[in-house]
Amino acid sequence: RQAGFSGTNDLALLMPLAIRQSAAMTDELLVTDGLMLARILELAKYELLRVPADVSATDAVIEYAASNGLDALVDVGAFMAGRGNEQVAIKLVEVLRVKQPDRRAVAFFDTAAREWVVLDTQLA
């Protein structure tokens with residue numbers, strides 16, 4: 001038997017397939033989405049990213065993420081629209097090999113296979 005807990009119902013899609021989201025939400029749990037959002041905004045760091053005319057905005061974001069030691073690149077606003085998760089992951093691996101050769105892998109969700117995939121940055 002598997003069990004899991006996430007304070008936010010938004011994460012249901014990230015849970016293992018054997019775990020189902022419970023429809024029974026208490027008042028105490030209903031406020032957790034707002035609490036998590038407040039915490040994220042409190043810790044967030046915002047920067048203006050200037051993109052040269054000869055560079056795609058998508059490539060600029062990937063370059064920025066790899067060059068600044070970010071641990072995650074989450075595209076919540078469809079900024080990477082037009083590129084699949086695998087394409088973004090492959091580009092990120094290419095940039096990480098140069099910018100952060102100590103990084104070992106890039107993980108992404110393969111929507112066609114409905115599974116998480118890990119690309120090893122050390123493999124050719």
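Because the model is predicted, local features need pLDDT of at least 70 and side-chain atom pairs count only at pLDDT 80 or more, while totals for chains, interfaces and linings use all residues. Residues are numbered from 1 along each chain as its sequence is written, and side-chain values use heavy atoms, with hydrogens and water left out.

Let us start with the charged pairs. A salt bridge here is a side-chain nitrogen of Lys or Arg within 4 Å of a carboxyl oxygen of Asp or Glu, and a search of the whole structure finds three of them. In one, Asp59 pairs with Arg83, with the closest N and O atoms 2.8 Å apart. Asp59 sits in helix α3 (residues 57-67) and Arg83 in the loop between α3 and α4, so this pair ties together parts that are 24 residues apart in sequence. Helices (H or I, at least four residues) and strands (E, at least two) are DSSP runs, numbered from the N terminus. Asp59 has 21% relative accessibility and therefore counts as partly exposed; Arg83, at 28%, is partly exposed as well. The cut-offs behind these words are under 20% relative accessible area for buried, over 50% for exposed, and in between for partly exposed (1.4 Å probe, protein chains only).

Another salt bridge joins the side chains of Glu63 and Lys99, at 3.1 Å from N to O. Glu63 belongs to helix α3 and Lys99 to helix α4, and the pair links distant parts of the chain, 36 residues apart. Glu63 is partly exposed at 30% relative accessibility, and Lys99 is partly exposed at 44%.

The remaining bridge to visit is that of Arg103 with Asp71, where the closest N and O atoms are 3.1 Å apart. Arg103 is in the loop between α4 and β1 (105-110) and Asp71 is in the loop between α3 and α4, so parts that are 32 residues apart in sequence are tied together. Here Arg103 counts as partly exposed, with 23% relative accessibility, whereas Asp71 counts as exposed, with 69%.

Back in helix α4 (residues 85-99) you will find Lys91, which is partly exposed at 27% relative accessibility. Not counting residues up to four places away in sequence, Lys91 touches Asp59, Ile62 and Arg83; contact means heavy atoms within 4.5 Å. Asp59 and Arg83 are the partners of the salt bridge at 2.8 Å. As for Ile62, its C-alpha atom is 7.5 Å from that of Lys91, although the two residues are 29 apart along the chain.

Next comes Thr121, in the segment after β2 (115-120). Thr121 is buried, because its relative accessible area is 5%. Leaving aside neighbours within four places in sequence, its contacts are Val93, Arg97, Arg103, Arg104, Ala105 and Val106. Arg103 also takes part in the salt bridge with Asp71. The Thr121 side chain makes a polar contact with the Gln122 side chain at 3.0 Å. A polar contact is a pair of N or O atoms within 3.5 Å; within protein, one must be able to donate a hydrogen and the other to accept it, and residues adjacent in sequence count only if both atoms are side-chain atoms.

Finally, the rings. Rings of Phe, Tyr and Trp (its six-membered ring) pair if their centres lie within 6.5 Å, with planes under 30 degrees apart called stacked, over 60 edge-to-face and the rest tilted. The count comes to one aromatic pair: Phe109 and Trp116 are edge-to-face, 5.4 Å centre to centre with 70° between the planes. Phe109 is partly exposed, at 28% relative accessibility.
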